Structure formats: C-alpha cells, structure tokens
Amino acid sequence: MSLQIFIAAMIAACGIGAFAGAAVVWDRRRIWRLNPGATAGWVFGLLLLGGGLLVGSCLGLVRL
C-alpha cells in the first residue's frame, strides 16, 4: 500500500514538472524564436501531459 502511494506521488511530481515545462516554454518563446503555433503546441501538449498524470495519480489514490 505504501509503495502504491509512493508511485502515485512520483507520477504526480512528473505531472507538476510538465506544468513547469509549459511555463518555461511560454516564458522562453521569444528567446527560442518559436512561432505562435509551435508555442501553442508545446504548451498545450505539456499541459495535457501534466493534467493526465495528475488526474491519473489522483484516481489511483482514490481507488486505494
């Protein structure tokens, strides 16, 4: 049981890291010379990944 909680916490941490990655892409879009479509793609993809990881880990904990 405690191992499952640990795994869920690590998955949630990866989700939070994906949100942080989206913030970095948004902040650095001019330095990296990303066009608006590429910026939107990266940010949306990272937010979707982060949301999926967080929701999945929360649903895994609820199941416990």
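This is a predicted model: local features need pLDDT of at least 70, side-chain atom pairs count only at pLDDT 80 or more; totals for chains, interfaces and linings use all residues.
**Exercise 1. Is Ser-57 buried or exposed, and what does Ser-57 touch?**

Step 1: Start with the accessibility. Ser-57 has 5% relative accessibility, so Ser-57 counts as buried. The cut-offs are these: buried means under 20% relative accessible area, exposed over 50%, and partly exposed in between, with a 1.4 Å probe and protein chains only.

Step 2: Ser-57 sits in helix H2. Helices here are DSSP runs of H or I with at least four residues, strands are E runs of at least two, and both are numbered from the N terminus.

Step 3: Look for contacts, meaning heavy atoms within 4.5 Å. Skipping residues up to four places away in sequence, Ser-57 touches Ala-8, Ile-11 and Ala-12.

Residues are numbered from 1 along each chain as its sequence is written, and side-chain values use heavy atoms, with hydrogens and water left out.

**Exercise 2. At what angle do the axes of H1 and H2 cross?**

Step 1: Find the helices. H1 covers residues 2-27 and H2 covers residues 36-63.

Step 2: Compare the axes, which are lines fitted to C-alpha atoms, for helices over the stretch in contact, with angles from 0 to 180 degrees between N-to-C directions. The two axes come within 8 Å and cross at roughly 165°.

Step 3: Name the arrangement. H1 and H2 are therefore roughly antiparallel to each other. The scale goes like this: under 35 degrees is roughly parallel, over 145 roughly antiparallel, 65 to 115 roughly perpendicular, and the rest oblique.

Step 4: Sort the residues where the helices meet. The contact of H1 with H2 has 19 nonpolar, 7 polar and 1 charged residues. Here Ala, Val, Leu, Ile, Met, Phe, Trp, Tyr, Cys and Pro count as nonpolar, Asp, Glu, Lys and Arg as charged, and the others, Gly among them, as polar.

**Exercise 3. Where is Arg-33, and what is its phi?**

Step 1: Arg-33 belongs to the loop between H1 and H2. With a relative accessible area of 76%, Arg-33 is exposed.

Step 2: Phi of Arg-33 is near 55°, a positive value in a residue other than glycine. For background, most residues other than glycine have a negative phi.

Step 3: Now visit Asn-35, also placed in the loop between H1 and H2. Asn-35 is partly exposed, at 47% relative accessible area. Its side chain reaches the backbone nitrogen of Ala-38 at 2.7 Å.

**Exercise 4. Which residues does Thr-39 contact?**

Step 1: Thr-39 is part of helix H2 and is buried, with a relative accessible area of 3%.

Step 2: Leave aside neighbours within four places in sequence, and the contacts are Val-25, Trp-26, Arg-29 and Leu-34.

Step 3: Turn to Ala-38, which lies in helix H2 and is partly exposed at 28%. From C-alpha to C-alpha, Ala-38 and Val-25 are 9.9 Å apart in space and 13 residues apart in sequence.

Notes
A polar contact is a pair of N or O atoms within 3.5 Å; within protein, one must be able to donate a hydrogen and the other to accept it, and residues adjacent in sequence count only if both atoms are side-chain atoms.
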